[in-house]
Amino acid sequence: MNTGDEWKEVPFNSRDPVYLQVVRHFKERIATGRLSAGQVVPSRRELGALMKINPNTVQKAYKEMEEQRLIMTEGNSPSKVTSDAEVLSRIRAELLGEAVQAFVASVRKIDVPIDELLQLVKRKYEEAPEHD
Amino acid sequence: MIEVTDIRKRYRRRDVLSGVTFAADKGQITCLIGLNGAGKSTILKAIMGLTPIAGGSIRIDGQAPGPKLYEKVAFVPDRLTMPSGMKLIEAHRFMADFYAGWNGERAGELMRFFGLSYSDRIGSLSKGTAAKFNLLLGLSQDSDYILMDEPFAGIDLFSREAITEVFTSELIEGRGVLFTTHEIGEMEHLIDRAVLLQGGKVERAFDCDEMRGAEGKSVIDVMREVYRA
Amino acid sequence: MSYLKLVHMEVHRFRWVIAALMGITAIFQFGGLIATLASELSRREYRLPQDIGNSSIPAPAPDLLTFEWAMFNTQLWFILPMLLSMAVLGLYVFIIWYRDWIGRSTFIYRLLMLPSARRNLYFAKLTAFLLFVFGMVSFQLALLPIEHLVFKLVVPADLRADSHIVDVIGINQALAELIPRKFEQFLYSYGLGTIVVLAIFTAILLERSYRGIGILYGLLYLGACALAVAFPIIFLGVEVPYTYFYPAEVYAIELAMCALVGGVSVWLGTRLLARKITV
């Protein structure tokens, strides 16, 4: 996280609010364990420079994340990822829910029996390499 | 806040501005978008008192433009504002001499960041370097607002990148930034507000993230609607 | 203070041109002086006294050479650099404004954005111009004693006689025009010159404010100024028969007109600069 390189390659789309894309990116990192509970997140300035977005947008994203209790800021110390298990599992559930919903929406167009689909998912999931 | 209300201007028997109204807030990056000849530069010049207007009003934090304005608002035009024969070091001295809000330390940092040399002559700067030096002169003033006229026009990729970096840095934090452009390009994710000019008037003015959230449209999408119609 | 800094800057920007003019002036005058004296001395050495009448030198040399004689015979060497200086300074009235707009560097953006009243800009440019004019005049005055010294060095003591500096200035047409004998005359010439410059400044600012049509405004303004200044002399002057006024009254009216033209020019010029100027 201190290297910062991993923040640089975040592709933004132009049709979702930029600050929400930043929030979502944080959630993905938390859910995939690349940001762990209690870890210090980059300062607002650092993140703006790394992700090439303006300081206002970073500010809005951090505010949103604080409201959603994703990150905590105490006094003047740097913001940290929450250690609240409830929040962490909520993030996980949210991302998983979204992914499954997107998947379902796309396979629904193909008329496939649910058992066959689940079998296929199971086999692919086990075959797939562990990375990412 | 910079408030432009119903400003009008005629030039060579043509209405360049026919009632332009918009505002640019402190702490926000506002982008004035318009095709070439839409009067973007004229608006910035009018705010800076560099060209008279035929009607309407301009207020900066409630005050009418005047000599005091020039400590509060910095302007980065699309051309050099120092004599060709001057060396960069002399230009620094000139600015320090005349502006109470000149921040020499920041100017020095920016010289290094942009890779400029104090002993160069203004007249010998390439287009990209000149744009960087122009920007340096504006950013090194401790002003509340900074106006930039086409900061990306006609310069090389690496100069563009260096200048884009400025927009993501503390250099503009807390300041109100108002800049003009005719193509949004890589700035799409960097701006807070967009003001679209068409036919001497403001066609649309919106908060970019709100537009994306509410209508799912990017700045480019809205530009397409306005300029293709 | 912003005004003084601006004056310094304007002087600094034009310093090489003025230095070059001074250099050319000095070279011409010293060169002319030395050449004239040398040819006269050699003529005396090789020719018989009765040949003096056929000399190509316009004024026959007196038995003893004076500095006055030298100044009279080197007038052309004074007039040429002086005409050049006048031409350059005349152009400078325009250059001092237009160079800030024209070219790749548009310094006028910066000058108009300085956080001080814009009239400082106007007065700084005027001051710089006057400084250069009086600088050239003072330079000429300072050259005279040096030229006198050169004269003494070149001409052997037994061939020369002393002369008075006032006569020296009086006999050289160039110097006489540049440095009038009467202080009043000096005030009139340079005062009128300043008023002309003020009027031209305003005409330039009219053009810079209104561009195309501004050229017409500028010319009309100059015409109006010329008329205002000439009016008392043409219509009320001493040569007009049955005039209503005494010469002293005409003189007072003339002075008032000059003051009016100067005052209006400054007022209009600074106002245009503050409100109407465009980059």
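Trainee: Which domains does the domain assignment of chain C give?
Mentor: This is a predicted model, in which local features need pLDDT of at least 70, side-chain atom pairs count only at pLDDT 80 or more, and totals for chains, interfaces and linings use all residues. Residues are numbered from 1 along each chain as its sequence is written, chains are lettered from A and ligands numbered from 1 in the order in which they are written, and side-chain values use heavy atoms, without hydrogens and water. The bounds come from an automatic or database domain assignment. For chain C they are domain 1 (1-179) and domain 2 (182-279).

Trainee: What area do domain 1 of chain C and domain 2 of chain C bury between them?
Mentor: Buried area is the accessible area (1.4 Å probe) that two parts lose on being put together, summed over both. Carbon and sulfur atoms give 81% of the area between domain 1 of chain C and domain 2 of chain C. The total is about 2,000 Å².

Trainee: How many salt bridges are counted between chain B and chain A?
Mentor: A salt bridge is a side-chain nitrogen of Lys or Arg within 4 Å of a carboxyl oxygen of Asp or Glu. A:Arg45 forms one with B:Glu173, the closest N and O atoms being 3.2 Å apart. The count between chain B and chain A is 3 salt bridges.
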